[in-house]
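I opened this entry to look up the core, the overall fold and the charged pairs. My notes follow the order in which I checked them.

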Amino acid sequence: MAKRLIPDTLMLEERAGHALNAMAGMSDPDFHGYPFFAANLMSSPANMTHGDWDFGSSHGRMIDGMILARHMSGETLGEDIEAKYRENLLSFFKEDGLSYRQHNPNHDWEQNANLIDQRAVILSLTTWYIASGDPKVKEAADRHVAALKRIAIKEREVWYYPASEYKEDGWPSKNAVLLRLAPDPAAFCGRLIMPLLKYHEVTGNPDAFELCRFFTALIVERSGVFNEDGSFNDALAYRSGHFHTRLGTLDAIARFGAFTGDAKLIAWVEKSYAWALTKCTAFGWTPGDLKEQAYEHETCSLVDLIATGITLAKSGYAKYWGTVERFLRNHLAESQLLDLDWVQETDDKSGNIPGKISYTDVAKRTRGAFAGYSAPNDFCCDVNHGRATRTICKFAVSARAPAACTWAGATR
């Protein structure tokens with residue numbers, strides 16, 4: 001009798017368990033447990049470094065990712081580290097209800113409530129509340145949503161934020177409000193729709209839904225982020241058509257359209273999604289943007305492609321199921337760091353600088369992470385154009401991949 005072969009099945013539960021290892025391993029035990037931003041794997045020896053995100057939004061991404069990965073995999077690894085991430089996150093809130101980036105010892109920057117950070121904050125609080133039912137977490141989330149509504153500049157048809165950073169005494173420039181200079185609406189408003197909608201779905205919070213409605217109107221009707229034919233506006237003022245923030249916005253608006261039963265909104269997303277696919281490879285590699293970063297692929301964008309495709313497929317565009325399957329198997333799964341033989345590491349701690357860099361057990365600690373920036377045929381991007389990135393980054397570790405639960409948060 002012929003031996004029966006067992007197919008090489010992609011087990012997403014196992015992949016989530018590997019990702020959990022990396023999310024725990026990226027913690028800096030010598031600096032308040034803050035997560036490292038990047039692992040520089042092609043250095044000799046490999047090292048992990050902090051970025052400005054680690055003093056703010058990284059905590060939200062890690063909390064969200066660890067809860068979801070643990071739910072998928074059944075693993076208990078890193079519960080103590082996750083508890084520290086949670087403690088840090090809550091300590092970043094000020095009385096105004098917003099989360100503020102902490103002082104970065106590597107740069108002399110003022111504390112501010114960065115609008116990109118707020119997305120990770122409400123996302124993690126929502127996931128945390130779903131998992132625990134803790135009323136203190138819901139109280140923090142309600143105050144946070146109320147703050148996001150309070151600081152928005154409100155016009156009759158749309159709401160927006162006039163700057164990327166809010167400070168305790170208000171917006172940095174009153175002129176930005178008077179001149180209606182909303183910077184990159186996709187990054188600061190569009191991507192906020194997804195976690196706000198999820199929080200509304202879970203709690204019924206009316207402020208969250210109202211923010212979703214006005215931010216969607218801003219993007220679709222007034223922002224100019226997307227051109228009439230669905231293409232991305234590549235003007236410098238729109239970040240040269242930055243793919244991650246555009247695709248993340250499409251994901252968010254698709255979810256809102258599905259939630260409200262708005263077929264016109266779903267069709268609007270599909271038009272732009274179809275255009276975006278023409279700029280990608282068949283397996284899901286995307287440019288970073290349409291100009292300066294065209295040679296860089298963010299795994300974040302791949303996750304957004306998969307998430308948007310799932311919502312569109314569930315909404316009647318069944319052809320995208322195949323797209324999602326192809327991207328998930330042929331790129332996202334292949335972007336996960338499981339083979340560590342090529343990484344040079346050391347257990348030496350003498351060169352570590354708390355709050356800046358660590359050389360200790362980098363390969364072991366990052367196993368299960370995903371490529372931050374990959375080349376079409378290599379795990380790390382090392383090219384003449386773009387930023388010649390040689391790293392994996394924590395973004396890819398905690399991204400919300402639809403099934404794998406691994407960067408900017410997992411699609412539910």
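**Core**

I looked up the largest nonpolar core first: it has 105 residues, and Leu 125, Tyr 161, Leu 196 and Phe 215 have the most contacts inside it. Helix 4 (residues 115-132) gives the largest share of this core, 8 residues. I took a nonpolar core as a set of buried Ala, Val, Leu, Ile, Met, Phe, Trp, Tyr and Cys residues joined through side-chain atoms within 4.5 Å. Buried means under 20% relative accessible area, exposed over 50%, and partly exposed in between (1.4 Å probe, protein chains only). Helices (H or I, at least four residues) and strands (E, at least two) are DSSP runs, numbered from the N terminus.

The model is predicted: local features need pLDDT of at least 70, side-chain atom pairs count only at pLDDT 80 or more, and totals for chains, interfaces and linings use all residues. Residues are numbered from 1 along each chain as its sequence is written, and side-chain values use heavy atoms, with hydrogens and water left out.

I then listed the contacts (heavy atoms within 4.5 Å) of Tyr 161. Leaving aside neighbours within four places in sequence, Tyr 161 touches, among others, Leu 115, Trp 171, Phe 188 and Phe 215.

**Whole chain**

I counted 15 helices and 12 strands. The radius of gyration is 20 Å, close to the 22 Å that the globule rule gives for 412 residues, so the chain is as compact as a globular protein of that length. That radius is taken over C-alpha atoms, and the rule is 2.2 Å times the number of residues to the power 0.38. Of the 412 residues, 58% count as buried.

**Salt bridges**

I used this rule: a side-chain nitrogen of Lys or Arg within 4 Å of a carboxyl oxygen of Asp or Glu. The count comes to 18.

Lys 138 and Asp 142 pair at 2.8 Å, N to O. They sit 4 residues apart in helix 5 (residues 135-151), about one helical turn.

Glu 210 bridges to Lys 149, with the closest N and O atoms 2.8 Å apart. Glu 210 lies in helix 9 (residues 206-222) and Lys 149 in helix 5, so the pair ties together parts 61 residues apart in sequence. Glu 210 is partly exposed at 21% relative accessibility, and Lys 149 is partly exposed at 22%.

I also noted a network of salt bridges that links Asp 52, Arg 101 and Asp 117.
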